[in-house]
Amino acid sequence: MRTAFITGASSGIGRASAVALAGAGFQLVVTGRRRERLEALAAELAPVPVHTLVFDVGDRTAVQAAIATLPAELQAPDVLINNAGGAHGLAPIQTGDPTDWDQMLDANVRGLLNVTHALLPGMTARQTGFILNVGSIAGHEAYANGNVYCASKAAVAMLTKTMRLDLLPTGVRVAEINPGAVETEFSRVRFKGDEARAAKVYEGFQPLLPEDIAEIIVFMVTRPPHVTIAEVLVLAGAQGAATTIVRK
Ligand code: 8X3
């Protein structure tokens with residue numbers, strides 16, 4: 001049975017990807033910070049084998065310790081989805097909160113590196129595998145007040161390209177999916193629980209659903225070895241660019 005390892009699987013795109021990959025015949029390792037949510041997901045997906053690991057991707061020691069508890073086979077997954085991350089705050093650089101900046105860089109950039117570093121020995125030894133990084137339209141387009149979030153996702157975009165080159169001789173393929181406006185906890189986290197402000201982001205148009213992204217993720221990671229869909233940008237139908245949305 002093929003194995004998919006998914007970070008940030010307790011909600012949003014990570015959770016939807018876990019459900020979709022289980023449906024496509026994968027066994028799973030699902031990780032996140034919220035144990036109850038991961039356990040509920042594992043129960044929902046039974047009898048598919050689902051291993052849960054609780055850690056913060058930004059904590060390298062915790063990442064390494066958790067992954068070391070896995071059986072060797074699960075430390076060398078067929079597919080790694082680097083999904084964990086998010087946005088904190090939406091403010092001009094001159095009034096932004098450096099604590100928010102640290103959180104975004106820790107999860108979106110260092111977190112991706114921490115998990116990848118822990119799994120690459122197993123994946124490269126197998127000489128096969130697929131790493132899919134969840135980037136964002138924000139990594140390819142600047143928008144006002146996006147500053148550090150955009151920068152963190154631009155780092156994901158460049159890491160994807162450079163990792164692909166470095167890993168080429170190993171048979172491990174690397175790609176990036178870049179969602180636009182997806183209705184998840186993303187805006188609630190960005191606006192620190194301000195539900196009204198978060199709801200406004202998705203008001204007046206049909207945003208993408210996490211399941212829309214998950215379906216594409218499954219397609220990307222199940223292509224045969226001679227096919228790498230290297231980058232995909234997925235926008236809502238009413239969206240032309242990061243902040244260009246037709247609201248009716
Ligand atoms: C989330 C999409 O447009 O808010 O990464 O940056 S956006």
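This briefing walks through a helix, a nonpolar core and a helix pair in the structure above. Please keep in mind that the model is predicted. Helix α1 is largely enclosed by the rest of the structure, since 10 of its 12 residues are buried. The largest nonpolar core holds 61 residues, and helix α4 supplies the largest share of this core.

**Helix α1**
- Helix α1 covers residues 12-23, and at 1.5 Å a residue its 12 residues should span 16 Å; the end C-alpha atoms lie 17 Å apart, which agrees.
- Its buried residues are Gly12, Ile13, Gly14, Arg15, Ala16, Ser17, Ala18, Ala20, Leu21 and Ala22.
- After α1 comes Gly25, which has a positive phi, near 100°.

**The largest nonpolar core**
- Leu28, Val30, Leu132 and Ile217 touch the most other members of this 61-residue core.
- Seven residues of the core come from helix α4, residues 98-126.
- Setting aside neighbours within four places in sequence, Leu28 contacts Ala4, Ile6, Ala18, Leu21, Ala22, Val48, Val50 and His51.
- As background, nonpolar side chains tend to be buried together in soluble globular proteins.

**Helices α3 and α4**
- The axis of helix α3 (residues 60-68) comes within 9 Å of the axis of α4, and the two cross at roughly 35°.
- The crossing of α3 past α4 is right-handed.
- On the α3 side, Arg60, Val63, Gln64 and Ile67 take part, meeting Asn114, Val115, Ala118 and Leu119 of α4.
- Sorted by class, this contact has five nonpolar, two polar and one charged residues.

Technical notes: Residues are numbered from 1 along each chain as its sequence is written. This is a predicted model: local features need pLDDT of at least 70, side-chain atom pairs count only at pLDDT 80 or more; totals for chains, interfaces and linings use all residues. Helices (H or I, at least four residues) and strands (E, at least two) are DSSP runs, numbered from the N terminus. The expected span of a helix is 1.5 Å times one less than its number of residues. A residue is buried if 20 or more other C-beta atoms lie within 10 Å of its own, exposed if 12 or fewer, and partly exposed in between; C-beta atoms are placed from the backbone. A nonpolar core is a set of buried Ala, Val, Leu, Ile, Met, Phe, Trp, Tyr and Cys residues joined through C-beta atoms within 7 Å. Two residues are in contact if their C-beta atoms, placed from the backbone, lie within 7 Å. Axes are lines fitted to C-alpha atoms, for helices over the stretch in contact, and angles run from 0 to 180 degrees between N-to-C directions. A crossing is left-handed if the near helix is turned anticlockwise from the far one by less than a right angle, and right-handed if clockwise. Ala, Val, Leu, Ile, Met, Phe, Trp, Tyr, Cys and Pro count as nonpolar, Asp, Glu, Lys and Arg as charged, and the others, Gly among them, as polar.
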